[in-house]
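Subject: Handover of a structure, with notes on what was found

Dear colleague,

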Amino acid sequence: MVNRAYLARSAALVALAAAISCRSIHAPAGVDRDMAASIPADTLILAGVNLDELRASPLYPKLPPAARALAEPLGDARYLLVASNGKDIVAIARGRFREAPAGATLVAPGLAVTGSPGSVRAAIAQYKTGRNGAPDLLARAASLADGRQIWMVARGGVPLPVAGNAENLNRLLSNTEYAGIAVRLGSGIEIEATAIGRTAEAAREFEENLRAILSLTAAASARQPDVVALIRSVQIRREDRTVRASLSGGPDAADRLLRFVPR
């Protein structure tokens with residue numbers, strides 16, 4: 001005869017495991033279930049900023065005003081997600097909000113969204129489902145963002161909202177499945193970028209094109225030896241369909257890089 005007490009305990013354990021698995025998400029530290037559920041399902045580009053850690057960085061005061069303007073109006077926010085479908089943008093902020101920040105909508109206690117009307121409606125509708133709106137993008141970001149305050153991931157072939165020489169980046173990413181970049185600001189700076197090609201051949205072409213772009217950029221900066229040295233310090237490696245590029249440097253390198261950020 002089957003022991004009923006044993007069955008009851010087993011059922012309880014199964015239910016507990018199921019509940020835990022439903023709540024868990026593969027996401028960067030700081031992105032909780034409610035934030036993940038607020039990401040619109042049509043998101044193509046997703047970025048995150050650990051505002052608490054960014055503000056604590058020694059380099060934070062050196063960020064250009066355009067970069068600080070993203071964080072300072074959200075003084076009570078601890079973490080920020082920015083999602084885009086290629087047209088509309090919505091910002092999802094987790095923080096110590098007693099009321100909605102100016103121009104934002106409070107979705108739940110401590111959770112606010114702001115952006116175009118359509119993107120805000122999409123974020124609220126997704127939140128009500130309780131489901132992660134972009135599980136693949138968050139899973140890609142989880143390892144890339146580990147220990148870094150700023151990160152971004154994008155589905156392959158999605159044009160980034162850039163202009164001028166930066167449009168070369170869109171041509172570079174056109175044959176990828178996913179691409180991402182993460183930045184850590186401490187006393188110095190560390191940057192890591194990852195791209196996954198649609199095929200191994202596409203990854204090889206990506207690596208070759210990236211090396212060519214860096215070489216051309218170094219040649220065009222010949223009168224700035226410090227910039228050339230920084231470009232040549234970029235480490236690139238490829239394994240099957242994955243290409244990784246990394247750069248790190250101390251305070252001087254950080255200052256040079258930050259000068260390239262739009263002001």
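The buried residues of α9, which covers residues 225-232, are Val-227, Val-228, Leu-230 and Ile-231. Viewed along the axis of α9, these buried residues fall within an arc of 160°, so they line one face of the helix; the arc is taken over the directions from the helix axis to the C-beta atoms.

Before going further, please keep in mind how the notes were made. This is a predicted model, in which local features need a pLDDT of at least 70 and side-chain atom pairs count only at pLDDT 80 or more, while totals for chains, interfaces and linings use all residues. Residues are numbered from 1 along each chain as its sequence is written, and side-chain values use heavy atoms, with hydrogens and water left out.

**Confidence and overall make-up**

The mean pLDDT of the protein (the predictor's confidence in each residue, from 0 to 100) is 83, and 80% of its residues reach 70 or more. Among the elements, strand β9 (residues 235-239) has the highest mean pLDDT, at 97, whereas helix α1 (residues 4-23) has the lowest, at 39. Over residues 1-24 the pLDDT is below 50, and beyond near neighbours in sequence this stretch has 3 contacts in the model, where contact means heavy atoms within 4.5 Å.

The protein has 10 helices and 10 strands; helices (H or I, at least four residues) and strands (E, at least two) are DSSP runs, numbered from the N terminus. Of its 263 residues, 40% count as buried. Among contacts between residues at least 6 apart in sequence, 59% join residues at least 24 apart.

In helix α6 (residues 135-144), the buried residues include Leu-137, Leu-138, Ala-141 and Leu-144. Seen down the axis of α6, its buried residues fall within an arc of 120°, so they line one face of the helix. They pack against α2 (33-37), β1 (45-50), β6 (150-155), β7 (176-185) and β8 (189-197).

Helix α6 also gives the most to the lining of the second largest pocket, with 4 residues. That lining is made up of 14 residues, of which Arg-140, Ser-143, Leu-144, Thr-194 and Arg-244 lie nearest the centre of the pocket. The elements that give two or more residues to it are α6, β7, β8 and β10.

**Around helix α5**

Ser-119 sits in helix α5 (residues 117-129) and, at 5% relative accessibility, counts as buried. Leaving aside neighbours within four places in sequence, Ser-119 is in contact with Pro-40, Asp-88, Ile-89 and Val-90. Apart from neighbours within four places in sequence, Ile-124 is in contact with Thr-105, Val-107 and Val-113.

In the loop between α5 and α6 lies Ala-134, which is buried with a relative accessible area of 1%. The C-alpha atoms of Ala-134 and Ala-41 are separated by 6.0 Å, although these residues are 93 residues apart along the chain. Not counting residues up to four places away in sequence, Ala-134 touches Ile-39 and Arg-155.

**Two further loop residues**

Gly-186 lies in the loop between β7 and β8 and is buried, with a relative accessible area of 11%. Not counting residues up to four places away in sequence, Gly-186 touches Ser-57, Pro-58 and Leu-59.

Asp-240, in the loop between β9 and β10 (242-249), is by contrast exposed, with a relative accessible area of 55%. The phi of Asp-240 is near 55°, a positive value in a residue other than glycine. Most residues other than glycine have a negative phi.

With best wishes

Conventions
Buried < 20%, exposed > 50% of the residue type's maximum accessible area, 1.4 Å probe, protein only. 1 Å grid on protein atoms, 1.4 Å probe; cavity = no way out; pocket = protein on both sides within 12 Å on 5 of 7 lines; lining within 4 Å.
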